[in-house]
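Student: I would like to take a close look at one single part of this model, and I would be glad of a careful explanation.

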Amino acid sequence: MSHASGEPCLLAMDGGGSKTLLVLIDRDAAVLDVRRAGGTNPFDRPDWREEMAGLLADLPGGIVAAGFGMAGYGGSPAISALQDDMLAEWGRCPYVVRNDVDIACAGAFGGGPGILLLAGTGSMVWAADPAGRALRVGGWGHLFGDEGSAFWIGREALGTLTRALDGREPEAASFVAPFCRFMGFPDDPAGIDSALLDWYGGLRHARSAVAALTQGVDSLAAAGNGPAQRIVEQAAAHLARHVDAARRRLQRPDLSWCDAGGAFRNASLRRAVIDMCGVPVAPLLPPVGGAALLAARRAGWDPDAAWIARLANGLTDAGLFVPASS
């Protein structure tokens, strides 16, 4: 896909902690171009400016408005100011910039009310009620938050492993061998300590690497491993508390929720959260679609239900969205 004609189009960007996606979309909601880069969260990606600059370089003419979802935006004033400064320097067209979970909520509910529960590398809720009031729950980062996220699950798995190895958690002994096999460690217990420390010492981006361990935990939980099941259940309880807090604060106990983020690809976690929160609704659009929706409004277009449906089809055809019915 490419766009070089100068015809009016929108730019939509979903900038997360692990990866960043940029798409160009025309007035008929067709996807014209797709670009990808690494994570652009300023809190733990020192090269976030370079990643964004690469995405925004050599763009075609005709961009009439842009919507940017940026990890960390709206939290720390200092970080948000850096993000604002970069976009102001770019300044190609009118734009809207929001937190990346805000755009995910806008996409999931087509700009309407609902609770978006994100469980990716981090965890967070963004919620809006029918009156347009919005709030955030969680999203405090991995140092003192992100409960229930993929990073949290991976960290709990590593903690369970080391406590079992030390004998501080003998009831978790059954976790050691299968989890070490998942990590590619030797079967000999005497070699696990050094293998784990070598793994730790060789990490290039610790949050992403630890978050990736969630897949192993999910596989073990699905196979009936007790310690892995406990980790998943604890993660689900943390995530359910995010949803409960949003419903309570908005005084909407029945407000619909929708899940997003890579951690929910783990079936055991998703089932456990559903048991606690009820069945989620299917998202209308992925996060980058939420950014496109905001850009369309900024451009003065009319992103009605038909436009949203066409955009969903276009993003699906581009391999950027998997509707719930697929």
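Student: What volume does the largest cavity have?

Tutor: This is a predicted model, in which local features need pLDDT of at least 70 and side-chain atom pairs count only at pLDDT 80 or more, while totals for chains, interfaces and linings use all residues. Residues are numbered from 1 along each chain as its sequence is written, and side-chain values use heavy atoms, with hydrogens and water left out. The largest cavity has a volume of about 40 Å³, where a cavity is a set of points, on a 1 Å grid over the protein atoms alone, at which a 1.4 Å probe fits but cannot get out, and where the volume is the space filled by probe spheres set on the points, which are joined across faces, edges and corners. The structure holds one cavity of 30 Å³ or more. Lining residues are those with an atom within 4 Å of a point, and for the largest cavity they are Ile153, Thr214, Val217, Asp218, Val232, Ala263, Asn266, Ser268 and Leu269. Two or more of these residues are given by each of helix 8 (214-222) and helix 10 (267-277), helices being DSSP runs of H or I with at least four residues, numbered from the N terminus. Helix 8 provides the largest share of this lining, three residues. By kind, the lining divides into five nonpolar, three polar and one charged residue, where Ala, Val, Leu, Ile, Met, Phe, Trp, Tyr, Cys and Pro count as nonpolar, Asp, Glu, Lys and Arg as charged, and the others, Gly among them, as polar.

How values were computed:
On a 1 Å grid over the protein atoms alone, a cavity is a set of points where a 1.4 Å probe fits but cannot get out, and a pocket is an open set with protein on both sides within 12 Å along at least five of seven lines; lining residues have an atom within 4 Å of a point.
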